[in-house]
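Please find below my notes on this model, arranged as numbered points. They follow the order in which I would look at the coordinates.

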Amino acid sequence: MRYLNSFWTFCRKRILSKITPWHGLSRSGLRAPSKKAFSAQELEALRMACVRPRDRALIEFLYATGVRVSELCSLNIGDIDLYKQEFKVMGKGRKERHLYISDAACFHLYRYLRWRMSREGLTMEELANKPLFVSAKKPYTRMTVAGVQYLVKTLGKKAGVGNVHPHRFRRTFATDL
């Protein structure tokens, strides 16, 4: 129905047709299923499923900030002020937003960065221009949106939590606020 409506709107604008065939029809009685946030038990199960410090930091970061997955993937370490527990992100429509990190997320993020320092043999200053979340294996490339989605889904399967995806963390963040 949506595609047909779009097509007929196009036709009307181009004066190819002056009528809309379904003008008097009512909308379908189907309702979209309600989107659910994670429960406290599901969040804890996801936390327990994390083996690497990166995975735990990613889970905590998504939950604590409500950041979109594309925004998460574009962050560098230097973009985050761990002392003030805040950072700026360029969101949809090129809008800049200020976001804050919880104490737990900051703790796990710092732990993850220390782990990366030892793995990559770099100092904190050298890490500043590197991507925030990287692949687990060399050459430690920036995680992609698909990579984060896959990781989160894999953690969900391991934890026994269904329908796990990055945007659900954003929904949970908003619900908990």
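Is histidine 108 buried or exposed?

1. Histidine 108 is buried, because its relative accessible area is 10%, where buried stands for under 20% relative accessible area, exposed for over 50% and partly exposed for what falls in between (1.4 Å probe, protein chains only). This histidine belongs to helix H5, residues 103-120, and once residues up to four places away in sequence are set aside, histidine 108 touches Arg56, Ala57 and Glu60, a contact being heavy atoms within 4.5 Å.

2. A word on the basis of these notes: this is a predicted model, in which local features need pLDDT of at least 70 and side-chain atom pairs count only at pLDDT 80 or more, while totals for chains, interfaces and linings use all residues. Residues are numbered from 1 along each chain as its sequence is written, and side-chain values use heavy atoms, with hydrogens and water left out. Helices (H or I, at least four residues) and strands (E, at least two) are DSSP runs numbered from the N terminus.

3. Helix H3 (residues 53-65) has 13 residues and spans 18 Å from its first C-alpha to its last, close to the 18 Å expected at 1.5 Å a residue, the expected span being 1.5 Å times one less than the number of residues. Of the 13 residues of H3, 12 are buried, so the helix is largely enclosed by the rest of the structure; among them are Ala57, Glu60, Phe61 and Tyr63. H3 is followed by glycine 66, whose phi is positive, near 70 degrees.

4. The axes of H3 and helix H7 (residues 145-159) come within 11 Å and cross at roughly 100 degrees; these axes are lines fitted to C-alpha atoms, for helices over the stretch in contact, with angles from 0 to 180 degrees between N-to-C directions. The two helices are therefore roughly perpendicular to each other, a label given to angles of 65 to 115 degrees. In this contact Arg54, Asp55, Leu58, Ile59 and Leu62 of H3 meet Val148, Leu151, Val152 and Leu155 of H7. By class, the contact holds seven nonpolar, no polar and two charged residues, with Ala, Val, Leu, Ile, Met, Phe, Trp, Tyr, Cys and Pro taken as nonpolar, Asp, Glu, Lys and Arg as charged, and the others, Gly among them, as polar.

5. Three strands form an open sheet in the order E1-E2-E3, with antiparallel pairing, and two strands are said to pair if DSSP finds at least two bridges between them. E1 (80-81) and E3 (96-100) are the edge strands, each pairing on one side only. Strand E2 (residues 86-90) is joined to E3 by five bridges, and valine 89 stands opposite arginine 97 in E3. H3 lies across E1, E2 and E3, running at about 115 degrees to E3.

6. Some backbone values deserve a check, since most residues other than glycine have a negative phi, and most peptide bonds are trans. Arginine 94, in the loop between E2 and E3, has a positive phi near 55 degrees, and this residue counts as exposed because its relative accessibility is 67%. Asparagine 163, in the loop between H7 and helix H8 (166-176), likewise has a positive phi near 55 degrees and is exposed, with a relative accessible area of 57%.

7. The peptide bond from lysine 138 to proline 139 is cis, with omega near 10 degrees. Proline 139 is placed in the loop between helix H6 (124-127) and H7.

Terms used
Angles under 35 degrees count as roughly parallel, over 145 as roughly antiparallel, 65 to 115 as roughly perpendicular and the rest as oblique.
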